[in-house]
Amino acid sequence: MSHLAESLEINKTIFKNRIIKGAMSEALANHAGQPNQLHLGLYDAWGKGGLGCAITGNVMVDFRAKNEPGVVVVETERDLAKLTEWANIGKKHGMVQLIQLSHPGRQCPKGLNKETVAPSAVPFSPLLATTFGTPRALSEAEILDIIQRFAESARICEKAGFEGVQLHGAHGYLISQFLSPLTNKRQDQWGGSIENRMRFLLEIYQAVRAKTSEKFIVSVKLNSADFQRGGITEEEVVQVFKAIDAAGIDIIEISGGTYEAPAMAGAKADKRKQSTIAREAYFLDFAEKIRKEVKCHLMVTGGFRTAQGMNAALESGACEFIGIARPLAVEPDVSNHLIAGRDVRYAVEQIKTGIPFVDKMAIMEILWYAAQFKAIGEGKKPNPKLSPLKVFLNYAKNNVKAVIQGRVNSRKSA
């Protein structure tokens, strides 16, 4: 019997199988951050393909802090009707949907927003400093405002009919920036000790719980490591996992890395132990360790490619859910195939343009797949042979347009 096919109930919500789509940036929204028919078409395709649960790509809680052009923003009920349509897509297919709520902090390309903010004014490494500017440190009042923005966005998502949210606390986004001593140099209650550095995450969680019902699922995505010297230690990571588990979190997705060390995209795969490579998943070893420390459900994403490897991970008890991301961009019905015992059809490799500084950032691990999502959303077939260079050049052109449009809008509102 396939463990992938087993159902599981959380807060009276039934997950029909153990496959969850990990968050991937769709980049399909308009400049105002509104969802549209492309989102509905994309998630409808995944629902038809047998997916048990879909976690959306980054949904921003503040229009002033977008991580990229085309990202959805939910800060008011402006788009409640379209969000409700989106939530109903999942219900039609018995596919649970969790909205990934996020604030990018300093991880915003120069010119996209009026300014970037972070726990502290820490610049990027020289290689990435050409793309990402040095942020401004947040004030206490701004921190409290962002916490409430997460809660308000979660309330709207529940009102629209989504089963839950995921708080993005990994990959170098704002929650992750608070957790890491590399990016959090604060000397107040939000920085210093790990107890202070995880306060932002815990306060967001409590605020979300206060504004949503008991049945609403609250998940969080956390790094097992930053993969950067001087970053959060494994001992501190364990403390964070235990603290959010004790607070009552429903699901923790285990990932790792940041824009400056993109392990989540497989960039560290060549440094993994042979035994880990044989087991496929990048973060399964850590999941086994943390399983002994927490009671909530665990989800492992990254590296899985065979039905046997996924079923073995579930059978081991290291996790309750298997996260699949990039394969769904080229094989929308991969969930049905995996449950039937068939493996992922297309080998997923790092997407490279041939431009060194672009490939170093692993930004194509977002952009190339976003191009596939657009095609699926339009009812077309994805193209596994799509040129990464062509995708990047098109993105660069659209990014310039977004920056110009943002400046025009800023002048109009001034």
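This is a predicted model: local features need pLDDT of at least 70, side-chain atom pairs count only at pLDDT 80 or more; totals for chains, interfaces and linings use all residues.
Strand 12 spans residues 251–255, and five of its five residues are buried, so the strand is largely enclosed by the rest of the structure. In a regular strand the side chains alternate between the two faces of the sheet. Both faces of strand 12 are covered, with Ile251, Glu253 and Ser255 buried on one side and Ile252 and Ile254 buried on the other. Strand 12 pairs in the parallel sense with strand 11 (residues 217–223) over five bridges, and Val220 stands opposite Ile252. A parallel pairing over four bridges also joins strand 12 to strand 13 (residues 297–301), where Met299 is the bridge partner of Glu253.

Aromatic pairs number ten in the model. In one of them, the ring centres of Tyr43 and Trp86 are 5.2 Å apart and the planes meet at 55°, so the pair is tilted. Tyr43 belongs to helix 1 (residues 37–48) and Trp86 to helix 2 (residues 80–93), so this contact ties together parts that are 43 residues apart in sequence. Tyr43 is buried at a relative accessible area of 0%, and Trp86 is buried at 1%. Tyr43 and Trp86 form one aromatic cluster with Trp46, Phe162 and Phe373.

Phe241 and Phe286 form an edge-to-face pair, with 5.4 Å between centres and 70° between planes. Phe241 lies in helix 8 (residues 234–247) and Phe286 in helix 10 (residues 284–291), so the pair ties together parts that are 45 residues apart in sequence. The relative accessible area is 1% for Phe241, which is buried, and 9% for Phe286, also buried.

Another ring contact involves a charged residue: Arg106 lies over the face of Phe124, at 3.9 Å from the ring centre.

How values were computed. Residues are numbered from 1 along each chain as its sequence is written. Side-chain values use heavy atoms; hydrogens and water are left out. Buried means under 20% relative accessible area, exposed over 50%, partly exposed in between (1.4 Å probe, protein chains only). Helices (H or I, at least four residues) and strands (E, at least two) are DSSP runs, numbered from the N terminus. Two strands pair if DSSP finds at least two bridges between them. Rings of Phe, Tyr and Trp (its six-membered ring) pair if their centres lie within 6.5 Å; planes under 30 degrees apart count as stacked, over 60 as edge-to-face and the rest as tilted. A charge sits over a ring if NZ of Lys or CZ of Arg is within 6 Å of the ring centre and within 35 degrees of the ring normal.
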